[in-house]
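Please read it alongside the sequence and the model.

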Amino acid sequence: MTTQVGELLTTDSVLRIRGGVLLRGEVGVNGAKNSALAIMAGALLCSQECRIRNVPNLVDVHRMGQVLTALGVKVRYDRGALELDVTHLHRSLAPYEIVSQLRASFFVIGPLLARLGVARVPMPGGCAIGARPVELHVRGLQALGAVVQIEHGMVHAYARKLKGANIYLDYPSVGATETLMMAATLAEGETVIENAAQEPEVVDLANFCRSMGAKIRGAGTKTITVVGVPRLHTTEYSIIPDRIEAGTFMVAAAITRSDVLITPVIPEHLTPVIAKLNEIGFQATVEAPNGVRVQPGAGVYQGTDIETLPFPGFPTDMQAQFMALLTLSEGSSVVTETVFENRLRHVAELQRLGANIRVKGNHAVIQGVPFLSGAPVTATDLRASAALVLAGLAAQGETVISGLHHLDRGYERLEEKLRSLGADLVRVAA
């Protein structure tokens, strides 16, 4: 994969942030990481070439490119566009050393099974934020007629020809919805997925598959219907803006009490983030046609309660960032994490900065403090790393963040973008 992203694969650098600086200006949002990874897997359904635009230059995208290359796909990344030549797809075994680092690479099991009739994919890895089992994927593929076995950490799936089926997901899993939707595009007959995930990234993947000739309706609702077709054709497709990156910049503006315009965004993807910022006391407003502005409010910034839920609820990927903001909001707040059981590990690091947080089970009770103080902290996962950057922007003195390999998985040029708004931060050798 021709790309500069490999240069980011480093664990021996730290981010030094001098807090307390006001931000101002406009900041750009890249394409959605979670869309890009699923769509890269979806390209395996096409027997020709695909061109995907607005692809972020990230470590996770680089890793997914390595998975596709190992399967026989020619991958070329050039200035935000990804060219995938799937003409010679012939390998059904995804490499363990990459899949073990990137959960989204497990998504190739559906397209591989649909195209080749066989798929061998290791159990997935990624951030250690919860079990995130693959049972829903497996049961759905079995419903489509596949024989699936799990042996020695490897998922083996076989099917002479997938057949349409009615599938009910016990939980609206984004990964399972995407895997089964992709597998069903080339299956015989009609597949109906009930209790499907409604996330914008699911809709983006469905639109990508439709651009190749797939027959999918209902994406973005709880019921997705797929009518199988014999083959899919070449396409050129542009990925939606990353709502989590946009939300992270929105919290950056709020936590520093600054005025920042974030663009491009799809405002309806940010409804819960906008609502919670306004509830706390900031002014988060949509600026047509594709921007959102965050400004300081006129009164007191008051704590609020947050419960993470599948879309259209409050996104789990914004929980850590909002917790950083709530540490500086007056009164008590309760954050309840319902999606991933291990996604409160950033609490200990925020406490090192002076936050007053107590954890009980999947609840974090936050008592607002007047200020945070800079300190050395370590990122534990992707969104936790973003939360520590945000806290560092607001803290008094210098914050030094290690574990930047997590940050590089999901944010392209984050330091450069924040510096363009006036932030005082730099990445240096540890």
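Helix α2 (residues 59-70) has 12 residues and spans 17 Å from its first C-alpha to its last, close to the 16 Å expected at 1.5 Å a residue, the expected span being 1.5 Å times one less than the number of residues. This is a predicted model, in which local features need pLDDT of at least 70, side-chain atom pairs count only at pLDDT 80 or more, and totals for chains, interfaces and linings use all residues. Residues are numbered from 1 along each chain as its sequence is written, and side-chain values use heavy atoms, with hydrogens and water left out. Helices (H or I, at least four residues) and strands (E, at least two) are DSSP runs numbered from the N terminus.

**Helix α2**
- Of the 12 residues in α2, 9 are buried, where buried means under 20% relative accessible area with a 1.4 Å probe and protein chains only.
- The buried set consists of Val59, Asp60, Val61, His62, Arg63, Met64, Gly65, Val67 and Leu68.
- These buried residues pack against α1 (33-42), β4 (74-78), β5 (81-85), α3 (96-99) and α13 (404-410), with contact meaning heavy atoms within 4.5 Å.

**Four-stranded sheet**
- The strand order of this open sheet is β21-β22-β1-β23, with mixed pairing; two strands pair if DSSP finds at least two bridges between them.
- At the edges are β21 (376-378) and β23 (424-429), each pairing on one side only.
- β21 runs parallel to β22 (residues 398-402) and is joined to it by 3 bridges; Pro376 stands opposite Val400.
- Helix α12 (residues 382-394) lies across β1 (13-18), β21 and β22, at about 35° to β1; axes are lines fitted to C-alpha atoms, for helices over the stretch in contact, and angles run from 0 to 180 degrees between N-to-C directions.

**Three-stranded sheet**
- A second open sheet has the order β6-β8-β7 and antiparallel pairing.
- β6 (118-122) and β7 (147-151) each have a single partner strand, so one side of each lacks a neighbour in the sheet.
- Between β7 and β8 (residues 154-158) there are 5 antiparallel bridges, and Gln149 has His156 of β8 as its bridge partner.
- Helix α4 (residues 109-116) packs on this sheet, touching β6 and β8, and its direction makes about 160° with that of β6.

**Helices α8 and α9**
- The axes of α8 (residues 243-255) and α9 (residues 271-280) come within 10 Å and cross at roughly 10°.
- The contact involves Gly247, Met250 and Ala254 of α8 with Val273, Ile274 and Leu277 of α9.

Methods. Buried means under 20% relative accessible area, exposed over 50%, partly exposed in between (1.4 Å probe, protein chains only).
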